[in-house]
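Welcome, and do have the structure open while you read. This short briefing takes up a sheet and a pair of helices.

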2 protein chains.
Amino acid sequence: MINRQYLLAKRPKGLPEKNTWKYTESPVTELQDGEMLIENHYVSLDPAMRGWINETRSYIAPVGIGEVMRAGTVGQVIQTKGNTKFEQGAFVTGWGGVQDYTLSSGDGFYQIDASKVGLPTFIGTLGIPGMTAYFGILEVGEIKKGDVVLVSGAAGAVGSVVGQIAKIKGCKVIGIAGGKHKCDYLINELGFDAAIDYKNESVRKAIKRECPTGIDVYFDNVGGEILDTALMFLRMHARVVICGAISQYNEMTAKGPNNYLSLLVNRASMKGMVVLDYAKDYHKAMLQMSEWMGEGKLKGKEDVYHGMDQFYETFLRLFSGEKIGKLVLKIKQ
Amino acid sequence: MINRQYLLAKRPKGLPEKNTWKYTESPVTELQDGEMLIENHYVSLDPAMRGWINETRSYIAPVGIGEVMRAGTVGQVIQTKGNTKFEQGAFVTGWGGVQDYTLSSGDGFYQIDASKVGLPTFIGTLGIPGMTAYFGILEVGEIKKGDVVLVSGAAGAVGSVVGQIAKIKGCKVIGIAGGKHKCDYLINELGFDAAIDYKNESVRKAIKRECPTGIDVYFDNVGGEILDTALMFLRMHARVVICGAISQYNEMTAKGPNNYLSLLVNRASMKGMVVLDYAKDYHKAMLQMSEWMGEGKLKGKEDVYHGMDQFYETFLRLFSGEKIGKLVLKIKQ
């Protein structure tokens, strides 16, 4: 049984090159008592991965040089030894890493019920991106009925769920995404009220057009110019949720929002969030999200690429924007 | 009776030139029924004045071209006609403007008790700057005992009160100011735990030295590089109060805080405030502040310049930093 792995080989500057990771193959080692062997079917690709390979500690320790690249996974327990947390055959999700097999005591893994939705959903809408959206827009954004909600990265794994939850809660929702295809998807498939195509129109003019009375909540996944422009349109007591900054992750120096004094003028707040803080409430959120999915109010979409050898090329899609919904790599052959 | 006035003559770009205002002299007009004539003794000079003369509406309408320059004042009612809000002889504070005499119905003016503290205190520690400090650090900063509080513009009218209130509440307080004289004042006169002289040392190294465990609350009056540096030292769940940005007011484009992603990593918030929102609670705050002053726990300091003809030169001190405490112009001859 051969385990294919991507190990972190060096710390990248800017957009990671292919040799940032080293591909290896090695036999799976013997299980210790209490351990399980998990066969990973799907690997989650998330913007946060870029931060984890920097040297500086962020909200979580960096991946060490020579270590398996950290990634969310969904897979199946195929061997157990002794008394284990999950039974053989159980489907589980957790931090399996970019590899075929994970040896684990089960810490940090959760069993999932794969009878109603597909496995990739558990690293997408019912996984970390979905949890990020749920707690970000409800607990940090504190949306209420009638709010005007603007979301960037709106066709992405987090943004698409943020917008749909805001619609469920009775908000007016405007999404920012790149390209006509994504914008059509937001309106026609997900029920957004409007979409702004930042690649083909002035974001400033478009926000003015779509949010003539301003923005109550801006949920930011991208940073840079779009964040700066959104700040110009805050209403009184607006909330800006800083969830990510995909446009800045490969820059040597991030660009700050020059219009931050809009926070003063409008008595607004800008607040950062990290989904891990809400771990104790994931279960409750998953139940609610599953219910919404069952009722057809919340749709998940995964953009699935195939083959362990496609890891690097698929990773790059996080930054090129060439994906729609949750980016996933299917590695089980 | 001749009224000397400074009228706004044009909208400045960058640091205002002298001809931004036009000096005029004209006779005081006849009182209408219900009106009072207030003789202004002291004019308050505040960083916010720079924003009021921009064309764009901020949290308050701009001063119009040809209008008397807006300014807080403290003065005395010297004539009344008919049934008026205050009696002749009363001392009052309000938006009297940069002029000797203000004709007013009394709207927006408050009577003050000048028996215990000097008149300038009512446009300083017991006036708008004091109210800004009080509500900013307590309601927006939400300080609690043991917090590490960093204040910029710490020797100024707002910052000096912020730091003293934080000390009263049991916080560790570090102030940032320019020059040894101001830094000594913070420690020796106001009881700050430490002071950082941004003109003569690296703010980054100094924060690291004085706040080895990081910052719980950063109260920002200055913006620019100092804000950016402070963000690097936020603790988990830190609060950044955006009160002002004196370093940016004369810039054509403000500089945003590049380190804003520290908000994300540390689940921190950055919140803007405008003191006018707390007007209904000013009275309560003034009582509390007066009590602290009586007990010697809170000290006010006014830097008083003399003569209406010194308006422009005194105004410039807001930006050159050549003042300590509350900047005031005494205009009563």
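Below are some notes on strand order, strand pairing and helix packing. Please keep in mind that this is a predicted model.

**The sheet**

- Twelve strands form an open sheet with mixed pairing.
- Going across, the order is β10(A)-β9(A)-β8(A)-β11(A)-β12(A)-β13(A)-β13(B)-β12(B)-β11(B)-β8(B)-β9(B)-β10(B).
- The edges are held by β10 (194–197) of chain A and β10 (194–197) of chain B; each has a single partner strand, so one side of each has no neighbour in the sheet.
- On average, neighbouring strands here are turned by 15 degrees against each other, direction ignored.

**One strand pair in chain B**

- Strand β8 (residues 148–152) of chain B runs parallel to strand β11 (residues 215–220) of chain B, and three bridges join the two.

**Two packed helices in chain A**

- Helix α5 (residues 203–210) of chain A packs against helix α6 (residues 224–231) of chain A at an angle of about 40 degrees, and their axes are 10 Å apart.
- Because of that angle, α5(A) counts as oblique to α6(A).
- The crossing in which α5(A) passes α6(A) is right-handed.
- On the α5(A) side, the contact is made by Val203(A), Arg204(A) and Ile207(A), while α6(A) contributes Ile226(A), Thr229(A) and Ala230(A).
- Sorted by class, the contact of α5(A) with α6(A) has four nonpolar residues, one polar and one charged.

Conventions
Residues numbered from 1 in each chain as written. Chains lettered and ligands numbered in written order. Predicted model: local features only at pLDDT ≥ 70, side-chain atom pairs only at ≥ 80, totals over all residues. Axes fitted to C-alpha atoms, helices over the stretch in contact; angles between N-to-C directions. Helix = DSSP H or I, 4+ residues; strand = E, 2+ residues; numbered from the N terminus. Parallel < 35°, antiparallel > 145°, perpendicular 65-115°, else oblique. Left-handed = near helix turned anticlockwise from the far one by under 90°. Contact = placed C-beta atoms within 7 Å. Nonpolar A, V, L, I, M, F, W, Y, C, P; charged D, E, K, R; others polar. Pairing = 2+ DSSP bridges.
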